[in-house]
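Trainee: I would like to go through the labels attached to this model and see what each one rests on.
Mentor: Then ask about them one at a time.

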Amino acid sequence: MDRAELTTEQVLKRDIPWETYMTTKLITGTCLQLLRRYDNRSESQRASLLDDDGPAYVRVFVSILRDIFKEETVEYVLALIDEMLTANPKRARLFHDKSLAHEDAYEPFLNCFGKGIGLYKRRAVRYWLWYARPKTQDGVLSNGESSSSKKKFITIDDLLRGLVEWLCAQVLKKPSHPTRGIAVAISCLATLLKEPLVRSSFVQADGVKLLIPLITPASTQQSIQLLYETCLCVWLLSYYEPAINYLATSRALPRLVEVVKSSTKEKVVRVVVLTLKNLLSKGAFGAQMVDLGLLQIVQSLKAQAWSDEDLLEALNQLDEGLKDKIKKLSSFDKYKQEVLLGHLDWTPVHKDPMFWRDNISNFEENDFQILRVLITILDTSSDPRALAVACFDLSQFIQHHAAGRVIVTDLKAKERVMKLMNHENAEVTKNALLCIQRLFLGAKYASFLQV
């Protein structure tokens, strides 16, 4: 069996020559005594030793990782840490004990990343980072460094960045293990992306694009787990705006829709549906979901027997959200057609505040094409009704868009509207005046004006 595929129990059956390491001065006599007490003991005996003198054993583990480079030994110590933290994740706090103030507890882990011990590296570092949550207390910083110390230690931020870079390399370049490298990296990311700093580092390392090819329908148990953890990563990133911006320019959405359409594994469907629910209100994702026929897929999924209540609730929310999106898109499409044809009339959408609130960002499309056409109508139309509606719509844009007054001014609309204040038609005059008032007052006071 490949060493990277060994279980913790198998690794811990090895006999490590601790006495030889002491003879060669790679470990001290005190370290040897502690190791003799701890090594090859039952779980309950080890737990008792950690409860009595946990920081001392952590110092031993860290010193071995720092000073010994034989992979079998490093792997053995990481397996000890894996076992220790799996049994009680809160033991990660031992790495940040005050007695370790002058020990750099992070650097040895950072140095492990290039070695072919992916399974234990992943699990030990994952548990350690996720459960440690170190805080500054009594002059001791999060990495165990004394605030009065002049020595520069590796910080947890450095470790996280190094870990992210290593994980990205496993997905993109040559993994440390030919069959498990990508799966190990994705599994680790699925845990670490809960941390804001990891999300930031991952996006900066251009890691989001590495996930996209992995979002593909799966059939085998191994590939299903990889797909699930990949989608879990995307779900975590769907809470982070810079990552959302990247997802918007990639093929992520069509791939997610294809997965949720074809997958029968409940946990995969759940995490994808939750991701889609998060993205629905972001930018153009909603319109793209409609174009991809997601509503029909969601309604088909709702008809199936799912046991997960979170999934059922998310499906209902996605269903309602997509229907609402279709309604909004339909009303804006009709409005857009009306403006582009120049056939403006007092149809209901013009005086519907909800229409303007829900669709105001759509006016930014194609370099404010709709506004430019409205301004052209002011110059070219001889229909009083069209002129009045165009003035009114410009005033609504000023009121509802955060930068409405600046945008309308930049498009040279003010001069056109002011000319219409002397128009012979009272309806045109009234709406031209309203538009000018809002143009001068801005959105802050515009809502007080009578329509």
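**Labels and their cut-offs**

Mentor: Just after α3, N40 takes a positive phi of about 60 degrees. Before you ask more: this is a predicted model, in which local features need pLDDT of at least 70 and side-chain atom pairs count only at pLDDT 80 or more, while totals for chains, interfaces and linings use all residues. Residues are numbered from 1 along each chain as its sequence is written, and side-chain values use heavy atoms, without hydrogens and water.

Trainee: Why is L294 called buried?
Mentor: Buried means under 20% relative accessible area (exposed is over 50%, partly exposed in between; 1.4 Å probe, protein chains only). L294 has 1% relative accessibility, so L294 counts as buried. The residue lies in helix α17 (residues 294–302); helices here are DSSP runs of H or I with at least four residues, numbered from the N terminus.

Trainee: What is L294 in contact with, leaving aside its neighbours within four places in sequence?
Mentor: V257, V260, L276, M289, L318 and L322, where contact means heavy atoms within 4.5 Å. The C-alpha atoms of L294 and L276 are separated by 9.6 Å, and the two residues are 18 apart along the chain.

Trainee: Which residues of helix α3 are buried?
Mentor: In α3 (residues 29–38) they are C31, L32, L34, L35 and Y38.

Trainee: What puts them on the same side of α3?
Mentor: They cover an arc of only 165 degrees around the axis, and therefore share a side of α3. The arc is that of the directions from the helix axis to the C-beta atoms. The buried residues of α3 pack against α2 (18–23), α4 (43–67) and α5 (71–87).

Trainee: How many aromatic pairs does a search of the whole structure find?
Mentor: The search finds 16. Rings of Phe, Tyr and Trp (its six-membered ring) pair if their centres lie within 6.5 Å; planes under 30 degrees apart count as stacked, over 60 as edge-to-face and the rest as tilted.

Trainee: Why is the pair of W18 and Y21 called tilted?
Mentor: The ring centres of W18 and Y21 are 6.1 Å apart and the planes stand at 50 degrees, so the pair is tilted. Both residues lie in helix α2, three residues apart, about one turn of the helix. W18 counts as buried at 5% relative accessibility, and Y21 is buried with a relative accessible area of 9%.

Trainee: What makes the pair of F355 and W356 edge-to-face?
Mentor: Their planes are at 85 degrees, with the centres 5.6 Å apart, so the pair is edge-to-face. Both F355 and W356 are buried.

Definitions and conventions: Helices (H or I, at least four residues) and strands (E, at least two) are DSSP runs, numbered from the N terminus.
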